[in-house]
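Open the model in your viewer and keep the selection tool at hand.

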Amino acid sequence: MIDRAPRTRALTFAAVLTRAGTGVLRAAAPGGRARWTRTNHAGRPVDLYAGPAVAVAAALGAARVRPAAGLAVLAAGVCGAYDDVAGAHDPRRGFRAHLSALRHGEVTSGAVKLFGISAAGLVAGALLKERPLDKVLAGVVIAGTAHFVNLVDVRPGRAVVAALAGAAPGLPRPGAAAELSAVVAGAAGAALPDDLGGRAMLGDTGAHALGAALGTAIAVGWGTPRTVKPAGASGASGAGGAGPRVGLVVHAVAVVAAAVCGERVSDRARSLF
C-alpha cells in the first residue's frame, strides 16, 4: 500500500510557501514596484512576485526530497532571475538567436541561462543516477524540461498548466517521484489563480524553476536510481519508484525536440485555451 502522507506534505509545503512568499514580496516590493512590473501580451501591467516565490518554494520542497533536485531547481531559478533582470529589454528569443550572438562574440543573458541550467541539470542527473547513461539522460530531462516550461510561458496560465499536466502522471507513482511531482503541483497550483487571471506572471525565474522541478520528478521516476544504504542496513534503498530507462529516453527525446522546434512550440502555446 502506498503511503500518501509524504506527497500530501510535499504538496502542502510548496503551496503554502508559494502563497506566503508571493504575499511577502507583494507587500515589500524590494527595490520599488516598478522593478516588479511588466507589460503582458495584452498591454496590461502584471507583477513578477510569483516567480521568485515559486522558485524558492519549489527549490526547498525538492531539496526536502532529494538535495540534488533542490540544487537543480535553485540554479534554474537563479539563471532565470538573471535573464529577467539583464535581458528584460533584449528582444531576442530562442536558442538560435542567443547562440548566434555568442558566435559573434556577444554573451547574452539568454546564453548564460542556457548553459547555466544545462550544467546544473547534468550535475543533478549525475547525483541522482547510478549508471553513466542514466546520468546523462536525467541531466537532459531536467534541463530540457526547465527550458520547455519557459518556452510555453507565452500567455497567462500556460506554463503553470503545463507543469500541472506534467506532474499529474507522477503523483500515483511510489517514493520520491511522487513527492517531487507533488512539489510541482503545490507550487504551480498556488500560482495558478493570479497567473491565469492575468494579474501576475512567473517570468523566467518561476517558469524555469518549475520546469526544473518537473524534470527532477521525471528523472527520479525513470531509469536506475542512485542507491543509498542507510547506516546498519544491508540492502539498498532510495529507489524512488524508478522505472525502465526507456522512460528517460522518451522524455529526453521529447524535450530536445521541443527545444529544436522552439518557435513552433511557442506559437502552439499561444493558440491554446
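A salt bridge here is a side-chain nitrogen of Lys or Arg within 4 Å of a carboxyl oxygen of Asp or Glu. The model is predicted. A search of the whole structure finds seven salt bridges.

Select K113 and D204. Their side chains form a salt bridge, 2.9 Å from N to O. This pair joins distant parts of the chain: K113 is in helix α5, D204 is in helix α9 (residues 203-221), and 91 residues separate them.

D83 sits in helix α3 (residues 67-86), 30 residues from K113 in α5 (residues 109-128). Buried or exposed? D83 is buried, at 11% relative accessible area. K113 is buried at 9%, and D204 is buried at 15%.

Next, select R199 and D194. Their closest N and O atoms are 3.2 Å apart, in a salt bridge. R199 is partly exposed, at 45%, whereas D194 is buried, at 11%.

Move to helix α10, residues 245-260. Its buried residues are G247, L248, A252, V255 and A258.

Finish at R173, in the loop between α7 (158-167) and α8 (176-196). R173 is buried but has no salt bridge; D134, the nearest side chain of opposite charge, is 12 Å away. Now show the backbone oxygen of G221: a polar side-chain atom of R173 lies 2.2 Å from that oxygen.

How values were computed:
Residues are numbered from 1 along each chain as its sequence is written. This is a predicted model: local features need pLDDT of at least 70, side-chain atom pairs count only at pLDDT 80 or more; totals for chains, interfaces and linings use all residues. Side-chain values use heavy atoms; hydrogens and water are left out. Helices (H or I, at least four residues) and strands (E, at least two) are DSSP runs, numbered from the N terminus. Buried means under 20% relative accessible area, exposed over 50%, partly exposed in between (1.4 Å probe, protein chains only). Lys and Arg count as positive and Asp and Glu as negative; His and the chain ends are not counted. A polar contact is a pair of N or O atoms within 3.5 Å; within protein, one must be able to donate a hydrogen and the other to accept it, and residues adjacent in sequence count only if both atoms are side-chain atoms.
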